[in-house]
Amino acid sequence: MKTILFYLIIFFSKILNFLINLFFKGRGTDFSGLLAYKFMPDFLTRVKNIDKNKVILITGTNGKSTTTNLVVSTLRNLGHTVTANLEGANLTTGAITAVLKNITLSGKLKTEYLVIESDERYLQITYPQLKAGHLIITNLQKDQMQRSATPEFIYNKVKETVKDVKNVYLNADEPISLSLKRFATGNVYTYGIEENDRSFKKDEKDISTFPCYYCSSKMSFDYFNLDNIGGFKCTSCGYKREKPDFNMEKVDFDGKRITVNGKVYSINYPMMYFQYTYLMAIAVLSNLGFSYDEINNNLYKFKNIHGRIDDLRYHYLDNENTIKVKKVQYHRIKQGNSETLQTVLDIITDDIKDKTVIFFLNEVEDYPPYFTSAFYIFDVNLNKLKAQNPNIICFGRSVAYDVANKLKYEGFNLDKLKVIESNDGKKLFKELEDEKYGNNIYLILPIERLPRLKKELKEINNSNIKK
């Protein structure tokens, strides 16, 4: 009976995915997998033709989507076939959907490689079904509290999987995830970046404190590459950053080159957070048997389809009835995640020109009751932004005043601060017509809100042009 059900699920999923692609393209990214999981939770264990040594699971707080896309892109550029959940559906149902789109009616996976992005909370469900030969952990940090609670909650889930994996990849610069090394029974490969031109230091009062995962004493950092990632050490037991197996000794940000274990690789994205992504890809591809030349000749070709950065262009009529355009530079954050917000702030403040910065934060609309909080704005360092004295717009229905209060407490210039308690993107663009905001405008916005904002922008642009 189970066997018959397995084949029926495959048959009807083919029809369902065809109809979704025909009538609802871009939506329903895990719908067929959701139905399959409902009727057969262990569906993935029954799929044939999966080489466990060519299954890669990628999990962690930040960077898993970009890393998944980079690994998949490089494998495909090398001429290999890959099944992956690139649409961002990273629960077990998303993995099933990806497989259903690349499976024969006889239940065989049609591709050589299987690369799956996995939500940290669902790793314990997805891994036992796939028994992936490679598990990449990007980092474990404070994240969306409603879903992920604390890093310890996620840590305890992930460590159970680490015990069973053949090859585990851990961030040598991130103290929480590196400490998972003690639970591994298979091979452990570490990756990290030496102190470089874009590393930075913090005053002790500005460091988000967390205990050592060995002795619970205070952690200290000699330098940071990203927030809470860098040259760490425990002040008591001696736990510290170790020289990684895949060590980035040098980053040439202007020349777009990195040096890893003495070998120079060309890259496409010079931002710091991308360097860890490149490292993870180099590590797993090397262990899969690809040569330096094969990796180097294809790594730089990667184009990030889940872009953190985008340009939005607002068209409007001035007082003389002339069409003007304002470009808004959008920077993506992960809602409720202080590390991605800090990274974006660091990028924005690297631009020393006069600017306008828009904080468009909102509640996490994941599942009811919706979680409304701006705690993560209180965990970031705003000193550099304050010193630049930009125009600030705090926008959003739920937390605009929370953000404004944080800026007030930090001593920002209130004469250059505007609060708009609304979720209507058209009101935001209308406000930008004021010349005081200039043309160097940055927007900080969670990825979930971008499609609706683009739709609102398109509507208002069409309306203004027709006038």
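1. In strand β3, Val55 has Leu114 as its bridge partner. Val55 lies in strand β1 (residues 55-59), which runs parallel to β3 (residues 113-117) and is joined to β3 by four bridges. Strands here are DSSP runs of E with at least two residues, helices are runs of H or I with at least four, and both are numbered from the N terminus. Two strands count as paired if DSSP finds at least two bridges between them.

2. The model is predicted: local features need pLDDT of at least 70, side-chain atom pairs count only at pLDDT 80 or more, and totals for chains, interfaces and linings use all residues. Residues are numbered from 1 along each chain as its sequence is written, and side-chain values use heavy atoms, with hydrogens and water left out.

3. β1 and β3 belong to an open sheet of nine strands with mixed pairing, in the order β2-β3-β1-β4-β5-β6-β9-β10-β11. The edges are β2 (82-84) and β11 (263-266); each has a single partner strand, so one side of each has no neighbour in the sheet. From one strand to the next, the twist averages 20°.

4. Helix α9 (residues 272-287) packs on this sheet and touches β1, β4, β5, β6, β9, β10 and β11. Contact means heavy atoms within 4.5 Å. The direction of α9 makes about 150° with that of β6 (187-193). Axes are lines fitted to C-alpha atoms, for helices over the stretch in contact, and angles run from 0 to 180 degrees between N-to-C directions.

5. Strand β15 (residues 391-395) is mostly covered, with five of its five residues buried; buried means under 20% relative accessible area (1.4 Å probe, protein chains only). Asn391, Ile393 and Phe395 are on one side, and Ile392 and Cys394 on the other. In a regular strand the side chains alternate between the two faces of the sheet.

6. β15 pairs in the parallel sense with β14 (residues 356-360) over five bridges, and Ile358 stands opposite Ile393. Four bridges join β15 to β16 (residues 417-420), also running parallel, with Cys394 opposite Val419. Together with helix α13 (residues 400-410), β15 and β16 make a right-handed β-α-β unit. Right-handed means that, with the strands pointing away from the viewer, the path from the first strand over the helix to the second runs clockwise.

7. The axes of helices α5 (residues 123-130) and α7 (residues 151-162) come within 9 Å and cross at roughly 10°. The two are therefore roughly parallel (under 35 degrees). Leu123, Gln124 and Tyr127 of α5 meet Lys157, Val158, Glu160 and Thr161 of α7.

Notes: Buried means under 20% relative accessible area, exposed over 50%, partly exposed in between (1.4 Å probe, protein chains only). Angles under 35 degrees count as roughly parallel, over 145 as roughly antiparallel, 65 to 115 as roughly perpendicular and the rest as oblique.
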